[in-house]
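Dear colleague,

Please find below the structure that I am handing over to you, followed by an account of what was found in it.

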Amino acid sequence: MYSDLIKQRCCICNGTVKDEHKNERFTILKCNSCGHAFVGESLSESDLVQRYFKLAYWDGDRHHQKIYDMKPGKHWEVFINARMNMIKTMCDLPPNVNVNGHKTKIFEVGCSEGVVLNYLAELGYDVAGCEINPEIVAESLKHYSINIICADFLTHDFGDTRFDIIYSAHTFEHIPDLFTLTHKCYRLLTDGGALIIEVPFGPDEYNNLDHMHFFSHDSINILLSKFFKKVKLVENGYFNSKGIRCGSYYASGIK
């Protein structure tokens with residue numbers, strides 16, 4: 001089982017690991033080589049349903065950012081500006097129509113209500129996203145006319161569709177199998193396309209029971225360099241649900 005394997009070796013570089021921290025549910029292991037920290041057990045199906053399949057997850061994720069309403073409005077400006085800053089920091093945002101006369105395609109992994117995709121659609125981009133939480137998707141569709149796929153990104157069949165940019169903010173740390181996730185993003189990009197992510201690093205979020213991974217500079221670089229010819233990392237930060245400022249990385253890979 002995956003949970004048995006990760007107790008023995010680092011899930012990023014296969015290095016040896018040590019016990020790093022024990023929160024109220026899980027033991028967190030840390031690699032002696034690349035510094036990646038990760039949860040040493042896998043979540044059960046009931047854990048996944050309880051955490052990610054209710055609208056209450058959106059409330060917990062947005063309320064500490066002082067966002068209480070999913071509807072469009074000025075209350076989203078700070079949030080949207082932060083996400084757009086991430087994208088523009090990590091790549092040259094292409095025009096909404098490419099040289100072949102086709103709309104530039106942008107996809108978000110873990111898009112929640114899709115407010116950033118809606119903003120990009122208003123700028124003229126061809127957007128889509130996926131969100132595993134059916135209650136969030138159902139509520140979002142009351143307010144936004146965008147293409148949100150209610151499915152697991154790892155198992156959804158995209159056919160021949162390819163994207164110019166795939167971005168994901170604070171989603172990778174929730175997914176146990178990072179190499180499968182990153183490889184799928186790579187495969188779905190056009191040549192020269194960009195994957196852009198934000199992930200937490202360091203011990204600040206060790207007590208966040210939603211997070212499976214806590215990255216280091218080396219571990220995120222190893223993960224992206226496995227697939228991408230050009231990797232860029234920029235140190236950043238954010239405030240978590242308890243008001244604690246935590247470290248994060250913007251990271252990008254160019255195919």
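Which residues form one aromatic cluster? The cluster is formed by Phe107, Phe153, Phe158 and Phe163.

Before the details, a note on the source. This is a predicted model, in which local features need pLDDT of at least 70 and side-chain atom pairs count only at pLDDT 80 or more, while totals for chains, interfaces and linings use all residues. Residues are numbered from 1 along each chain as its sequence is written, and side-chain values use heavy atoms, with hydrogens and water left out.

Aromatic rings

A pair of aromatic rings is described by the distance of the centres and the angle of the planes. Rings of Phe, Tyr and Trp (its six-membered ring) pair if their centres lie within 6.5 Å; planes under 30 degrees apart count as stacked, over 60 as edge-to-face and the rest as tilted. By this rule there are eleven aromatic pairs. The ring centres of Phe107 and Phe163 are 4.8 Å apart and their planes stand at 45 degrees, so this pair is tilted. Phe107 belongs to strand β4 (residues 105-109) and Phe163 to strand β7 (residues 163-169), 56 residues apart, and the pair thus links distant parts of the chain. Strands (E, at least two residues) and helices (H or I, at least four) are DSSP runs, numbered from the N terminus. Phe107 is buried (under 20% relative accessible area, with a 1.4 Å probe and protein chains only), at a value of 0%; Phe163 is also buried, at 5%.

Lys184 lies over the face of Phe153, 5.4 Å from the ring centre, and Lys255 lies over the face of Tyr186, at 4.6 Å. The criterion is NZ of Lys or CZ of Arg within 6 Å of the ring centre and within 35 degrees of the ring normal.

Strands

In β4, four of the five residues are buried. Strand β4 runs parallel to strand β5 (residues 126-130), joined by five bridges; two strands pair if DSSP finds at least two bridges between them. Glu108 has Gly129 in β5 as its bridge partner.

A separate open sheet holds four strands in the order β1-β2-β3-β9, with antiparallel pairing. Strands β1 (17-22) and β9 (213-214) are at the edges with a single partner strand each, so one side of each has no neighbour in the sheet.

Yours sincerely

Technical notes: Buried means under 20% relative accessible area, exposed over 50%, partly exposed in between (1.4 Å probe, protein chains only).
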